[in-house]
Amino acid sequence: MIIRKYTACPACQNPLMLRIGVGYAKRQFITVACDSCESVSRGELIAEGDWPEIALPGMPDLNINDHCDWQVVTLHADFPIPFPSTTFSPYLAAAQYLGDRAPIYFSGVGRFHHLSSKIDDFQRAYELHIRERWDLANENIAKFLHEDWDTNAITADCQEFFHRYLFLSTLFIDPIGRWSEAKWEVWSRIFKKETEFAGAATRLNSDGMLRRLQTRISEQLFFLVRNSNQWMAAVPILHAKAYPKRAPSDWRIPTDDFQSLRDAYRQNFELSCQALSLVIRMQNIAEGRDAEVIRIPGGTNAWIPRTAGPRAPSNLRQFERSNSATKELFLNRSTRLRHLWGVCFDRGLRNAISHADADYSVKKGAIYTSKGNFYYHDFLGSVAWQVCLMAFWLDLIKLWRKYATCWDSTKRRIVNK
Ligand SMILES: [Zn+2]
């Protein structure tokens, strides 16, 4: 549904005809950039009653006959706006360039919105599970699912529920299965070394490292889910780029959350560098070393990325103290994870936005920096990919904690507890 509103820019009185698409969420933020003076006005669309309401403080209600030279501004909370098209519906445009994939995409978005609309309940249950309060976690899962859950579920089922739900809810972001491929690559490292892996997992779990990391990453993921209106409209572009047949060549996403998302981007990167240490340990185990040993100086069974040089970290303690550039070099034995990492943290964009000289223009849909200019939707697309990566890390930490708590060293397998 598209709602029209005739109004004027509060700064220069330029007459504006707003065409506002109603998205999934009950409350949707609106950002209007005036073409004439570039002033930005902010408001909200509230879709809770029978008819959506639009609140745009400071912007008057005008009549269609008041002007004949309306500047048309099209907005939608869930879709990018093809540019320079101002007359087409963003929903229809998205449906057109998604083509056969549109029904799957839209049902995936619907599933995600089920999670985002109840994210407080989900987070409460998840945090109980982190603290191993299994009885309360199960009770709160039952509340989240409207009783459709056995409150006496075993630990392993409880752990699985959260991560399967997160996977299914965020799957729609990933157009080409990068997450699944990376998961197979990383998880398969320990298939032949389960005993060693369980030993390393038990050590990290009793040290509290896994729990701390799980807490930090889940808080970050839930922040991104709660604020999905800031990045959601970029996701159709990820799909259009993967299947570019019908995609328009240019888009705009007229939102104004650069400051908060830039902080989230940096935090996602730092947390991913921390979580990468788990992958390094799994690689060490797979290659027959102690989990904490990347190489023994002078030894034959050593792992030194070609570009890292002789000062490369030789154990996990040194790895964790290394800078992020050095840490990233150790993705060299994880091709598929490196692909996922690459779409999350494009180096050019990451370096450019890390400086205080990055300027964002809502009207132009671009970020201007001394290290180059970037489309805002490319920045938002990276953030959307990072949602997948955060869920990927949580899934991986679950694997570690599962081996720490449910591995039976006599039977040499995971047992139900
Ligand atoms: Zn203006």
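## Close-up views of a predicted model

**View 1. Helices H4 and H5 cross in this predicted model.** The axes of helix H4 (residues 134–144) and helix H5 (residues 155–170) come within 11 Å and cross at roughly 45°. H4 and H5 are therefore oblique to each other. Their crossing is left-handed.

**View 2. Residues at the contact of H4 with H5.** H4 contributes Trp-134, Ala-137, Asn-138 and Ile-141. On the H5 side, these meet Thr-155, Cys-158 and Phe-161. By class, the contact of H4 with H5 has five nonpolar residues and two polar ones. No charged residue takes part in the contact of H4 with H5.

**View 3. An open sheet of three strands.** The strand order is S9-S10-S11, and the pairing is antiparallel. Strand S9 (359–361) and strand S11 (372–375) are the edge strands. Each of these edge strands pairs on one side only. From one strand to the next, the twist averages 20°.

**View 4. The pairing of S10 with S11.** Strand S10 (residues 366–369) runs antiparallel to S11, and the two pair over four bridges. Which residue in S11 is the bridge partner of Tyr-368? The partner is Asn-373.

**View 5. Helix H15 packs on the sheet.** H15 spans residues 376–406 and touches S9, S10 and S11. The direction of H15 makes about 70° with that of S11.

**View 6. Domain 1 and domain 2.** The domain assignment of the protein gives domain 1 as 2–77. Domain 2 is assigned as 101–117 + 154–414, in two segments. The C-alpha centres of domain 1 and domain 2 lie 37 Å apart. Across the contact, 13 residues of domain 1 meet ten residues of domain 2.

**View 7. The side of domain 1 that touches domain 2.** Strand S3 (27–33), strand S4 (40–46) and strand S6 (71–76) each supply at least two residues of this side. The largest share, four residues, comes from S3.

Conventions
Residues are numbered from 1 along each chain as its sequence is written. This is a predicted model: local features need pLDDT of at least 70, side-chain atom pairs count only at pLDDT 80 or more; totals for chains, interfaces and linings use all residues. Axes are lines fitted to C-alpha atoms, for helices over the stretch in contact, and angles run from 0 to 180 degrees between N-to-C directions. Angles under 35 degrees count as roughly parallel, over 145 as roughly antiparallel, 65 to 115 as roughly perpendicular and the rest as oblique. A crossing is left-handed if the near helix is turned anticlockwise from the far one by less than a right angle, and right-handed if clockwise. Two residues are in contact if their C-beta atoms, placed from the backbone, lie within 7 Å. Ala, Val, Leu, Ile, Met, Phe, Trp, Tyr, Cys and Pro count as nonpolar, Asp, Glu, Lys and Arg as charged, and the others, Gly among them, as polar. Two strands pair if DSSP finds at least two bridges between them. Domain bounds come from an automatic or database domain assignment.
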